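This report looks at a few local features of one protein model. Please view the sequence and the structure first.

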Amino acid sequence: MKTTRYYSLDVFRGATIALMILVNNPGSWSYMFSPLQHASWHGCTPTDLVFPFFLFAVGNAMSFGMSHLKLQASNVFWKKIIKRTILIFAIGLFINWWPFLKWENNELVFRAWRESEENGVRIMGVLQRIAIANFFASTLAYYYRDRVVLKISILILLFYWALTFFLGGVDPYSLEGFIGTKIDVHLIGLAHMYKGEGVPFDPEGLYSTIPAISQILLGYLVGVYIQKQGDIRWFSRSLPASNLPIYRMLSGLFVLGAFALIMGYIWQLDFPYNKKIWSSSYVIHTTALAIFTIGCMVWFAEVLQMHPAWMRFFDVFGKNPLFIFVLSGLLPRLLQLIRIKDGFTETGEIRYLSPLSWFYENICAQIPGTPKIGSFFYSLVFLALFWGLAFLLDRKKIYIKV
């Protein structure tokens, strides 16, 4: 059965990619407006919505292809999902290691896979989490009916909550007491973990990827619901509102979103919202907000047929989401190998900057006002650069998919 793509869902996916690029590339990590920062630990800022929204969008996209896959032999499914999983994971690992060289004592040296007991190439990351979570979510969606998938999604979140609470330390939801760190150190190795918190702790670790599976499954189920309950052929202002299935579907979405929002709030009283350990309440909370966002976009784009400029802006990102996101990670790392002389340090040594750092410090940082303005301006310029590339690819009908 042929399914119809919703323009609003493509815009939603493109918006998440654009925001991921924006928040991941400030001029300076020291100068960021608070909504563009992640919560230091417990809590949920607007930036903390971006990654779970993308996983939700992955599930939405899955719902359009799964019905076709279920009509084919299982070997077709396994060939597709294994290839996709390995490729996405490998690309994420490639980004972490790229560009394989680094400056050391004014010389370019090879960046070893493992430099010491504590330092090496990070194994996990955003794409790696997407690859693993999508593999398990796709498998469950392929072999089980939707009602069973919903029950499994809830059980995964409950199981993760129980494991985290009973196996953790005195404060199981703290940085020090989180059981996922010990599991990741054992499975991944200290040298290959993220250390941005000052201690070995990976916010995209293997253990905390477990609830991310549910995030994709919930996005999948919402996508299935939209397709079954809302027929795009009925989107017409000439028909009476009472006859439109779309209104019933949207009403159901908003009721479901409100229910999830309440459940997430109640759950966080014990298991706080926390992106870094991907708490179960955080999954429910962000899924609820994603449902509200999708519902609003469907209303404006499909029902009212309104396609304002901001939707068209995000739409081009949605056409090549993975390629644009990967390139936004590769380019800054590559440019770090290029060094521009920019005065001297306090000790009298020559000071070098990469082209992007030079642009920030000599142009963006010179903007009057708080340094946060210059840092944000840099992010906007960086985003505009990749929007231009995405627009060019879309105009030439070039779509790079995995």
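## The loop between H3 and E1

Phenylalanine 100 sits in the loop that joins H3 and E1. The model is a predicted one. Although phenylalanine 100 is not a glycine, its phi is positive, at about 70°.

As background, most peptide bonds are trans, and most residues other than glycine have a negative phi.

## The loop between E1 and E2

Asparagine 106 belongs to the loop between E1 and strand E2 (107-110). Asparagine 106 is a residue other than glycine with a positive phi, near 60°. Its relative accessible area is 54%, so asparagine 106 is classed as exposed, the cut-off being over 50%.

## Threonine 286 in helix H9

Threonine 286 is part of helix H9, which covers residues 280-303. Is threonine 286 buried or exposed? Threonine 286 is buried, because its relative accessibility is 0%, and buried means under 20%.

What does threonine 286 contact, leaving aside neighbours within four places in sequence? The residues in contact with it are Cys44, Asp48, Leu49, Pro52, Phe53 and Gln215. With glutamine 215, threonine 286 makes a polar contact from side chain to side chain, at 3.0 Å.

Definitions and conventions:
Residues are numbered from 1 along each chain as its sequence is written. This is a predicted model: local features need pLDDT of at least 70, side-chain atom pairs count only at pLDDT 80 or more; totals for chains, interfaces and linings use all residues. Side-chain values use heavy atoms; hydrogens and water are left out. Helices (H or I, at least four residues) and strands (E, at least two) are DSSP runs, numbered from the N terminus. Buried means under 20% relative accessible area, exposed over 50%, partly exposed in between (1.4 Å probe, protein chains only). A polar contact is a pair of N or O atoms within 3.5 Å; within protein, one must be able to donate a hydrogen and the other to accept it, and residues adjacent in sequence count only if both atoms are side-chain atoms. Contact means heavy atoms within 4.5 Å.
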